Amino acid sequence: MRLKSLLPLLVFVALAAVLWIGLGLKPREVPTVMIGRAVPEFDLPPLDAKTQGLASATLRAPGVKIVNVFASWCVPCRVEHPQLSALKNIPGIMLYGINYKDNVADARAFLDSLGDPFAAIGYDRGGRVSIDWGVYGVPETYVIDGSGKIVYRHVGPISDDDLNDKFKPLIDRLREGA
Amino acid sequence: MRRLALILAIVVYPLMALAVGVDEARLSDPALEARARDLMKELRCLVCQNQSIDESDADLAKDLRHIVRERIAAGDSDAAVRRYLVDRYGDWVLLDPPMNARMMVLWLAPLGLVVVAATTLIVVLRRRRREAAAPLTAEEEKRLRAILSATDEEAKRP
């Protein structure tokens, strides 16, 4: 009898929990299949003479690496710039850029006006290398562990909350593991 | 009638080609191009999400169409082309994804809910019928009569 009177409450709580989880889902976000995989093989030329190119070998080096896919024509890329700079300033983190389907002069102007947080920038003019990464829009940000495996992908601009709740704890965990 | 259908086909098909898959470089071999186009119709555009890359105007869809044509021209089978894209974007890129455990959940969950609801309904209805059918004991019968006659008395009062 006791349990029976609790049943409607239990059903309500279960339903509320399911709906609550549903609220947090992002159905428009394409799930990535890259997590746990080694970075795809690629070798991109530098954006221009002021920076260096980016190849998969660089991303296999020890330590935590972050790769940000960006373009000067992408407004959210501008929005997340302060957070990228914050990531770059975490000691021991290497931040690399892949410039997606951009025009060299525009990309350079973008970096000149906001600051260039990247240790190297591969120029993906045709967007082909980005497709190998499973990129479907800019910005996207990938975290790579010490063995060259992709451990996290972030779609869209990195907010302050993303930085503190997702990136920083993950980076700490990767470092402890390393 | 048949001739009319033929004429219609001749007139309408080129118009359809204008409407979709609007591309630059086509494959010169019409058989290969047709295969590529069929494949494009079953690949999902990652940007628009509810269109195939054949219908989509998005930049990425254009790039993916280019890749499909390139793979087909290189001699890939349809399955190999699909695998190439699934390898990068997952089953998500297929408009008709393969059945796997997660898909089974999606298909079977509504059925499961119907079964649960039907069972509950049957149990409740049975119980209700059983309760209604239970005859009154002699004691209850007596009380019921007393109550009824009391209300009769009350109703008679002006």
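The helix I mean is H3 (residues 59-73) of chain B.

Reply: This is a predicted model, in which local features need pLDDT of at least 70, side-chain atom pairs count only at pLDDT 80 or more, and totals for chains, interfaces and linings use all residues. Residues are numbered from 1 along each chain as its sequence is written, while chains are lettered from A and ligands numbered from 1 in the order in which they are written.

Start with the pairing of H3(B) and H2(B). Helices here are DSSP runs of H or I with at least four residues, strands are E runs of at least two, and numbering starts at the N terminus. H2(B) covers residues 30-41. It packs on H3(B) at about 135°, and the axes are 9 Å apart. Axes are lines fitted to C-alpha atoms, for helices over the stretch in contact, and angles run from 0 to 180 degrees between N-to-C directions. H2(B) and H3(B) are therefore oblique to each other. Under 35 degrees would count as roughly parallel, over 145 as roughly antiparallel, and 65 to 115 as roughly perpendicular; the rest is oblique.

Contact means C-beta atoms, placed from the backbone, within 7 Å. By class, there are seven nonpolar, no polar and three charged residues. Nonpolar covers Ala, Val, Leu, Ile, Met, Phe, Trp, Tyr, Cys and Pro; charged covers Asp, Glu, Lys and Arg; the others, Gly among them, are polar.

Now the pairing with H4 (residues 78-89) of chain B. H3(B) and H4(B) pack at about 140°, with their axes 10 Å apart. That makes H3(B) oblique to H4(B). This crossing is right-handed too. Leu64(B), Val68(B), Arg71(B) and Ile72(B) of H3(B) meet Ala80(B), Val81(B), Tyr84(B) and Leu85(B) of H4(B). The classes are seven nonpolar, no polar and one charged residues.

Elsewhere in chain B, Lys156(B) sits in helix H6 (residues 138-156). Lys156(B) is exposed, with 7 other C-beta atoms within 10 Å. Exposed means 12 or fewer such atoms, buried means 20 or more, and partly exposed lies in between. Its C-alpha atom is 91 Å from that of Asp63(B), 93 residues away along the chain.

Chain B also meets chain A. Ten residues of chain A and nine of chain B take part in that contact. The chain A side has five nonpolar, three polar and two charged residues.

Chain A itself has seven helices and seven strands. Of its 178 residues, 35% count as buried. An open sheet of five strands runs E5-E4-E3-E6-E7 in chain A, with mixed pairing. E5 (120-124) and E7 (150-155) stand at the edges with a single partner strand each, so one side of each has no neighbour in the sheet. The twist averages 20° from one strand to the next. E3(A) (residues 65-70) and E4(A) (residues 94-100) pair in the parallel sense over six bridges. Pairing takes at least two DSSP bridges.

Notes:
Two residues are in contact if their C-beta atoms, placed from the backbone, lie within 7 Å. A crossing is left-handed if the near helix is turned anticlockwise from the far one by less than a right angle, and right-handed if clockwise.
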